[in-house]
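Please open the model in your viewer, with the sequence panel beside it, and keep a selection tool ready. The stops below are meant to be taken in order.

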Amino acid sequence: MPRAAAPSRFRRAFPVPVWHVLRHLWVPLFLAAGMALAYVGAFSHPEPHHVDVAVVAPDAKAEVLAQHLQNQAGDRLDVRTVPARGEAEKLLRRGDVAAVYVPGAAPALIVDSVKSGSTVAETATKTFTPLATAQNAPLRVTDLGPIPDDDYAGGTVFFLLVALSLGGYTGAIAVAAAGAALSPWVRALLGLGLSLVTAIVTTVIAGPVAGAVHGNLTAVAAMGWIYASGVMLIGLGLHTFLGKVATPVLVGLFVMLNLTSSGGLFAPELQPGFFATLSDFWNGSAFVDAGRRILYQGGDGMARDVWTLVAWLAAGVAVLAASAVYERRAHRAHRPTPAEAETAVDRELDTVAVA
């Protein structure tokens, strides 16, 4: 029988109960440091970074104005010229630009608070007002997607995202640990059922209970189910490979990186480049944008967001399939009993971070 490795000098310096505690402290330290890096890094200094704006420039004079604006703004703005107002509005509705400035005797600014966020709309207004003032003309601001006053900065959908994210990754840990004796696909069905219940409960609370969501509740719940299911399946698959380490990994993916890049509090254009880049393809950003479009624009322009959420759901299926192959090839001789599984889930849920 091989001899067990002798404990290190560092380990021998502590009594066994103390050492048992010390070797588990990396999880709270990781979560604290990760939260600080993510939230402080994403939200502490909101300022414009390469905000795409369009200037309607049917003549050379407007072209000169656009170049002057770019020279003054530096890397705060990326100014492009568009020959006609209608074309510029199409870019705005697609999200290709955050604002459209129409120079002339009656200068106008067109924004879309639903897509770009109210913070970007406010920034654009502050940027272009001096141009109108220089012409002794008031700046007319048109918002194609105004957010109602009772939803400050469009935060309702963001708070739904927080609830769904928490339910998704903690649900994955609970189902994976308690259902360790089940096949991966049975666990997946249970997880999808839990995701559906989570989406319905959170939507009902946000709508009829709190009165924060008005209309289109079915569509909001459907988007919530797709989002939570993606988180759930990825969590179930990763748990097979990572075990208890899956908890901090899932917190990193769906809290630290996800909530900060979602555009729920500050638009990506006002965040450092790392978080702005994540928002282009992360599932939280897609849910926030789709939710706002459902509530305030009748779902117009949300196709890309839906496909992003579906892609994350497909990634979850792929991770789960890989975990099923891994389990089958491992030829485990012992599957935990229900009592052992219950003990395991109790221990794992004790480590879950609520953000």
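Begin by selecting residues 217-242, which form helix α10, a run of 26 residues that reaches 36 Å from its first C-alpha to its last; this is close to the 38 Å expected at 1.5 Å a residue, where the expected span is 1.5 Å times one less than the number of residues. Helices here are DSSP runs (H or I, at least four residues) and strands are likewise DSSP runs (E, at least two), numbered from the N terminus. Step on to G243, which follows α10 and has a positive phi, near 65°.

Before going further, note that this is a predicted model, in which local features need pLDDT of at least 70 and side-chain atom pairs count only at pLDDT 80 or more, while totals for chains, interfaces and linings use all residues. Residues are numbered from 1 along each chain as its sequence is written, and side-chain values use heavy atoms, with hydrogens and water left out.

Next, select L196, V197, I200, V201, V204, I205, V209 and W225, which together make a nonpolar surface patch of about 670 Å². I200 has its place in α9 and is partly exposed, at a relative accessible area of 43%; buried means under 20%, exposed over 50% and partly exposed in between, with a 1.4 Å probe and protein chains only.

Now show the rings of F158 and F159, whose centres are 5.5 Å apart with planes at 65°, so that the pair is edge-to-face. Rings of Phe, Tyr and Trp (its six-membered ring) pair if their centres lie within 6.5 Å, and planes over 60 degrees apart count as edge-to-face. F158 is buried, at 5% relative accessible area, whereas F159 counts as exposed at 54%. Elsewhere, F254, F281, W282 and W312 form one aromatic cluster.

D52 is partly exposed, with a relative accessible area of 28%.

Technical notes
Patch = residues over 30% accessible without salt bridge, like charges linked within 9 Å, V, L, I, M, F, W, Y side chains within 5 Å. Areas by Shrake-Rupley, 256 points an atom, 1.4 Å probe, with all protein chains shown as cover. Salt bridge = Lys/Arg side-chain N within 4 Å of Asp/Glu carboxyl O. Phe/Tyr/Trp six-rings, centres within 6.5 Å; stacked < 30°, edge-to-face > 60°.
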